[in-house]
Amino acid sequence: MSDLAWLDAALTSARPQALGALLRYFRNLDRAEEAFQEACLRALRNWPVNGPPRDPAAWLIFVGRNAALDQVRRQSSEEPLPPEELISDQGDAEAALAERLDNSHYRDDVLRLLFICCHPDLPATQQIALALRIVSGLSVKEIARAFLVSESAMEQRITRAKRRVAGADVAFETPGPVERAERLAAVAAMIYLLFNEGYSASGGEAHIRVPLCEEAIRLARLLLRLFPGEPEIMGLTALLLLQHGRARARLDAEGCIVLMEDQDRTLWDGAMMAEGLVLVEKALRHRRPGAYQVQAAVAAVHAVAARFEDTDWAEIDRLYAVLEALQPSPVITLNRAVAVAKLRGAAAALAMIAPLAERLSGYFHFFGVKGALLLELGRAEEARVAFDRAIALAHTPAEAAHIRLNLDRLMKDSAPRGNTKAAF
Amino acid sequence: MSPADKEEPMRYAILCYHDEAAVGALTKEQDDALMAELEVVRRKLEAKLGPVARLMPTTAATTLRAGAEPLLIDGPFAETKEALLGFYVSECATLEEAIEAARELMAPRMAAGLMSALEIRPISIFLPGKAGA
């Protein structure tokens, strides 16, 4: 890294707070972004010479606000402006401002900034793209690369999303407890979407896009730092850590999917898993269960099993039952069926997922699980039909390749005998 | 000054404060590279470095605060911009030597873009205990 790496890092980490405060001040996203941009330019000139300020976010807010106000003044009068050195020398003013910007202010500023990206009219991918642009400060080029679309397409997408958001009515007053909880839930959902976009890419060649996962974890930790006592945010952060901690083991050298049962657990990231486990433990102490916490608890059961055979399936079954009650969904029942298959056999699991067929008729994993269960029961022909359907629904080459592997196995098993049923 | 002139060497804690958001913004590769470089320094200083700890993010912390009924709070004790994210225990003959060790430990952090502060604090009581030995 260059000698000025610290400058880049400081600007990136100060961005959510600084931009959030400028948005509260100007109540206009474009103006806030311009002000922040200007403040960053001045930081690039000023910090290498004078050294970094004690509180970069406060410096950027102060300078950004003044620069934007100057802009307004410049437009309204021909009065000469003070020399830049005067504006940029923030010695005392900075300290005073930092005092007024206490943590509770920052908290709602950053939450608001995240929340405006979660506009319900915006499709999920646009919410994520907007958050990456506005909150994370990634360039359009970087975001386009992450989503595997052209830069101009992403530029359009973000511009459209911004226009939509600009027309939205977002309250700038400090939110009340109910409103704050609603915002937190919306933002948590958006961060989870972002993570999933990276964890199981919705299209294109790459199956896992690590930068998106890492960015989601960064945002989750940011949120948790601001709301350290929220068990669901602990759960969300834990869930992301426990899932991403397995990333290195999820694909083999050829980029093929490795199922949990075949994963080399020494490739799991010990530090990430440990942090995830701590957060699950902390969250559960609150006894306020929520969907993220329960999913994190499931991931934790896998994390503590030294070998796949050691997995506590009864606990996973129990946790999915809790999750079904909290948030009924056919996908959760499907996941539970995997645990049930381990506990009570494939037939019981198959019976459990049979009623889901209609609602999950377009879901890749439904046919993957169904095929595997049928295969286990020796119903090769039906398994083949399910696997064919799964391939048709696969989102990435890795997903399709994984199912094809099952099909190949099926062919190999059945070919010499001519009839797989004979094996049973 | 010969060793005989000195009494026992002083133990210093080197407390590592970082902008947590900046540490969290490092990619896995950057973080691993930083750890590898710090390990090189640690080995070089091994003779005078005792226990070393990297702390999990402050979000993993729980704080018990004294009161009529001690209060359990999620998160770190102090909500500061720079958080205590690790520490070294060193054994040095002089403060100068401890500062020199801190300088070496600072270099990889700065190269990684972290605006760190390393606080060198003399230790008054040190009981190594048995855990982690």
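Which strand of chain B pairs with strand β1 (residues 10–19), and over how many bridges? The partner is strand β5 (residues 82–92) of chain B, and the two run antiparallel over ten bridges. The legends below refer to a predicted model.

**View 1. Strands β1 and β5 of chain B within their open sheet.** The sheet has four strands in the order β2-β5-β1-β6 of chain B, and their pairing is antiparallel. At the edges are β2 (49–54) and β6 (117–122) of chain B, each of which pairs on one side only. From one strand to the next, the twist averages 20 degrees. For the pairing of β1 with β5, which covers ten bridges, one position to look for is B:Ala13, which stands opposite B:Val89 in β5(B).

View 2. Strand β3 (residues 62–65) and strand β4 (residues 71–74) of chain B form an antiparallel pair with four bridges.

**View 3. The contact between chain A and chain B.** Each chain contributes to the contact: 24 residues come from chain B and 24 residues from chain A. On the side of chain B that touches chain A, α1 (20–24) and α3 (95–111) of chain B each supply at least two residues. The most comes from α1(B), which gives four residues. By residue type, this side of chain B consists of eleven nonpolar, seven polar and six charged residues.

**View 4. A:Ala216 in the largest nonpolar core.** This core has 140 residues. The members that touch the most other members are A:Leu60, A:Ala131, A:Val187, A:Ile191 and A:Ala216. When neighbours within four places in sequence are left aside, the contacts of A:Ala216 are A:Ile191, A:Leu194, A:Phe195, A:Gly198 and A:Leu240.

**View 5. A:Glu358 in a loop of chain A.** The loop that holds A:Glu358 runs between α18 (346–353) and α19 (364–376) of chain A. Is A:Glu358 buried or exposed? A:Glu358 counts as exposed because it has 7 C-beta neighbours inside 10 Å, and a residue with 12 or fewer is classed that way. A second residue in this view is A:Met154, which is 204 residues from A:Glu358 in sequence. In space, the two are 35 Å apart, C-alpha to C-alpha.

Terms used: Residues are numbered from 1 along each chain as its sequence is written. Chains are lettered from A and ligands numbered from 1 in the order in which they are written. This is a predicted model: local features need pLDDT of at least 70, side-chain atom pairs count only at pLDDT 80 or more; totals for chains, interfaces and linings use all residues. Two residues are in contact if their C-beta atoms, placed from the backbone, lie within 7 Å. Ala, Val, Leu, Ile, Met, Phe, Trp, Tyr, Cys and Pro count as nonpolar, Asp, Glu, Lys and Arg as charged, and the others, Gly among them, as polar. A nonpolar core is a set of buried Ala, Val, Leu, Ile, Met, Phe, Trp, Tyr and Cys residues joined through C-beta atoms within 7 Å. A residue is buried if 20 or more other C-beta atoms lie within 10 Å of its own, exposed if 12 or fewer, and partly exposed in between; C-beta atoms are placed from the backbone. Two strands pair if DSSP finds at least two bridges between them. Axes are lines fitted to C-alpha atoms, for helices over the stretch in contact, and angles run from 0 to 180 degrees between N-to-C directions.
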